[in-house]
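Here is a short briefing for a first look at this structure. Start with the metal site, then move on to the strands, a helix and the core.

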Amino acid sequence: MLVDTHIHLADDAYLDILDEVIEEARGRFKSIIVSGVDYKTSLDAIRLAERYDFLYASIGLHPQEVTKLENLAWIKELAKHEKVIAIGEIGLDYYWDEQYKDFQKELFIKQIKIANELDLPVVVHSRSAHQDTFDILKTHKTKGVLHCYSGSVELAREYTKLGYYIGIGGVVTFKNAKTIKEVVSDIDLKYLLTETDGPYLTPHPYRGKVNRPIYIEYVISEIAKLKNKTKNEIEEKIYNNYLELFGGTNEEI
Ligand code: NI
């Protein structure tokens, strides 16, 4: 069974194709985690998860949404919902928002603390902020996944030493994506997870189109190639990893 640990299904890109995208994944996917980036989209993620048995929600405040310090009481409130199985996406993004670095850091740490309090894993976004993200996740120990990991092999090793998982998406299928291919080859399979980050980062040969969970088949194929294992072996292992991280939280999965 396949798992998609990160997708923005409430995004407008899916408005007209949502049922189709979900139905084509039915029976093939054990779980699709719909991610919010603020209060509204977190609520949207929960609403979607209510409609489909194999959809779950991840709620939180994305670093790109941070422009001031905010009251995060809504996260604890929404997390009471039985289909909320993670806090995210949260993290640091200096690519878009260099000026709010300190707010980003503070809100990231606050959300890690909330996740720990609720015993939920975190789904972490890190862009152009690799060292700061690592430092925070090292100091404020929690469990979680580095979603759409884009750092170095060395840093990935450091993360796995701390027990964090590495999220692999469509980028690994791109011909020139040398580093992430190296990461997949190097890192123990027990730390890898699969995701779309849809609607973005669609794997080859659909690059440029709206991403769909079903395209994770291409990510699995690439991981199998790099690991010199069968697709079934990869799929099974990644599903087990998923259970290790997200299982036994709010819901028996
Ligand atoms: Ni995302």
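Donors are N, O and S atoms within 2.8 Å of the metal (3.2 Å for Na, K and Ca); water is not among the atoms, so sites may look incomplete. This is a predicted model: local features need pLDDT of at least 70, side-chain atom pairs count only at pLDDT 80 or more, and totals for chains, interfaces and linings use all residues. Residues are numbered from 1 along each chain as its sequence is written, and side-chain values use heavy atoms, with hydrogens and water left out.

**Metal site**
- The nickel ion has His6 (NE2), His8 (NE2), Glu89 (OE) and Asp197 (OD) as its protein donors, at 2.1 to 2.4 Å.
- The arrangement is irregular because the four donor atoms subtend angles of 83 to 173° around the nickel ion.
- Four donors count as tetrahedral if all angles lie between 85 and 135 degrees; four count as square planar and six as octahedral if opposite donors are over 155 degrees apart and all others between 65 and 115; anything else is irregular.
- Along the sequence, the donor residues follow the spacing H-x1-H-x80-E-x107-D.
- His8 sits in the loop between β1 (2-7) and α1 (18-25), and Asp197 in the loop between β8 (192-194) and α8 (216-227), so the pair ties together parts 189 residues apart in sequence.
- Helices (H or I, at least four residues) and strands (E, at least two) are DSSP runs, numbered from the N terminus.
- His8 is buried, at 10% relative accessible area, and Asp197 is buried at 9%.
- Buried means under 20% relative accessible area, exposed over 50%, partly exposed in between (1.4 Å probe, protein chains only).

**Strands**
- In β4 (residues 84-93), 10 of 10 residues are buried.
- Strand β3 (residues 55-59) runs parallel to β4, joined by three bridges; strands pair if DSSP finds at least two bridges between them.
- Ala57 has Val84 of β4 as its bridge partner.
- Five bridges link β4 to the parallel strand β5 (residues 122-127), where Val122 partners Ile87.

**Helix α7**
- The buried residues of α7 (residues 178-186) are Ile180, Lys181, Val183 and Val184.
- They lie on the same side of α7, because they cover an arc of only 155° around the axis.
- They pack against α6 (153-161), β7 (165-168), β8 and α8.

**Nonpolar core**
- The largest nonpolar core has 85 residues, and Leu9, Leu55 and Phe246 have the most contacts inside it.
- Such a core is a set of buried Ala, Val, Leu, Ile, Met, Phe, Trp, Tyr and Cys residues joined through side-chain atoms within 4.5 Å.

Terms used:
The arc is that of the directions from the helix axis to the C-beta atoms. Contact means heavy atoms within 4.5 Å.
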